[in-house]
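Here is a friendly walk through one protein model, from its overall make-up down to single residues. Keep the structure open beside you as you read.

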Amino acid sequence: MADIPAQLVKQLREMTDAGMMDCKKALVETEGNLEKAVEYLREKGLSKAAKKADRIASEGIVSVEVANDFSKASIIEINSETDFVAKNDTFKELVAQTSKIVYDNALSSVQSLHTMSIGGVKFEEYLQQNIAKIGENIVVRRIASIEAQGKGIVNGYVHSNGRVGVLIAMKFDKESSKAACVELAKSICMHAAAMKPQVLSYTQLEYEFIQKEKVALIAELQKENEEFKRLGKPLHKIPQYISRSELTESVLQAQEQKLREDLKAQGKPEAIWDKILPGQMERFVADSTLLDQRLTLLGQFYVMDDKKTIAQVLEAKSKELGDEIEIIEYIRFELGEGIEKKVEDFAAEVAAQMQ
């Protein structure tokens with residue numbers, strides 16, 4: 001058996017929330033490769049990567065600016081090393097100035113920001129001046145801007161703690177729909193802030209990614225079923241499909257035919273089949289789009305009405321207004337997402353300073 005350091009086992013456990021012995025076995029099987037060990041645990045249904053937030057090291061703020069007429073909006077993430085500095089007045093002024101220049105110029109890349117000037121000083125120099133004044137490294141990590149096209153609006157939301165911000169752009173055909181779309185976009189922004197969809201639609205998920213996630217998701221459900229069975233709880237259905245992109249026309253037709261055969265076998269009168277089938281097909285789609293419900297905005301069930309997906313909410317609002325309403329752009333920033341936490345060894349740090 002390979003010699004696996006306890007610190008590596010601990011790190012994998014913090015990353016995946018899997019059991020200590022499962023983590024050690026995964027590292028042995030992957031010869032100490034942390035990335036492969038994470039994938040090993042996922043494929044065995046032993047990891048949900050539930051503690052991703054614990055690995056986020058950066059502090060700072062996410063800021064959102066929206067035009068009064070909802071014609072444009074911008075979002076920025078600026079990182080600091082500590083939460084203490086994020087509350088500093090100098091840092092807050094830096095955020096305000098950066099947010100203004102991004103919003104005023106509709107910037108969408110950090111590179112373009114560095115070419116701008118504040119008070120006659122290049123932004124890069126202005127940032128360095130503030131770093132020297134604050135005494136901590138400050139990074140403008142990412143920025144984005146959206147401008148409404150034609151008949152459309154952009155709205156946004158930033159959570160009260162300044163750690164999550166969302167922008168959503170909608171389009172519609174009738175000017176009379178604008179106020180309703182402004183309100184709906186804000187509500188969906190708040191939904192996205194809480195529910196963390198990664199992309200707008202299932203069409204943005206790659207085939208290879210879906211197949212890889214299917215292995216992990218099925219393993220996760222099977223693992224949970226072991227516990228549910230022990231507790232006498234209803235078991236998860238193990239899906240054959242996990243994304244709407246897999247539900248081709250032939251798949252849907254085959255499922256409808258199967259349901260018709262089931263109704264016939266049950267002795268249900270053929271006259272009522274057309275009343276039963278839509279609900280059964282809707283349940284089939286819901287059971288077969290679990291990945292979309294986790295990762296896509298349109299595929300998630302709306303927190304304000306958990307019987308409808310966001311796509312269905314848009315469809316219902318379109319019908320209500322006699323219009324065609326569509327979300328055309330979605331951006332979500334969460335402070336520090338994807339940045340690994342630095343492991344601090346305080347005793348070692350003190351010892352090094354004393355040498």
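## Contacts and overall make-up

A contact here means heavy atoms within 4.5 Å. Among contacts in the protein chain between residues at least 6 apart in sequence, 65% link residues at least 24 apart. This is a predicted model, in which local features need pLDDT of at least 70, side-chain atom pairs count only at pLDDT 80 or more, and totals for chains, interfaces and linings use all residues. Residues are numbered from 1 along each chain as its sequence is written, and side-chain values use heavy atoms, with hydrogens and water left out.

The protein chain holds 14 helices and ten strands; these are DSSP runs numbered from the N terminus, with helices being H or I of at least four residues and strands E of at least two. Along its principal axes, the C-alpha trace spans about 80 × 70 × 30 Å. Of the 355 residues, 42% are buried, where buried means under 20% relative accessible area, exposed over 50%, and partly exposed in between (1.4 Å probe, protein chains only).

## The nonpolar cores

A nonpolar core is a set of buried Ala, Val, Leu, Ile, Met, Phe, Trp, Tyr and Cys residues joined through side-chain atoms within 4.5 Å. The largest has 24 residues, and I168, M170, I188, L297, L314 and I327 touch the most other members. Two or more residues come from each of β6 (152–158), β7 (164–171), α8 (178–195), α13 (310–321) and β10 (326–334), and α8 gives the most, with eight.

Which residues does L297 touch, not counting those up to four places away in sequence? They are I168, I188, H191, A192, P197, V199, L200, I310, I327 and Y330. Apart from this core lies another, of 22 residues, including F91, F123, Y126 and I134.

## A closer look at A73

A73 is found in strand β2 (residues 72–80) and counts as buried because its relative accessibility is 3%. Leaving out residues up to four places away in sequence, A73 touches E65, V66, Y103, A144, S145, I146, V154 and L167. By contrast, A73 and K275 are 45 Å apart in space, C-alpha to C-alpha, and 202 residues apart in sequence.

## Cysteines

How many disulfides are there, taking a disulfide as a pair of cysteine sulfur atoms within 2.5 Å? The count comes to zero. C189 is in no disulfide, and the nearest cysteine sulfur, that of C181, is 13 Å away. C189 counts as buried because its relative accessibility is 0%. C23 is also buried, at 0% relative accessibility.

Definitions and conventions. Disulfide = S-S within 2.5 Å.
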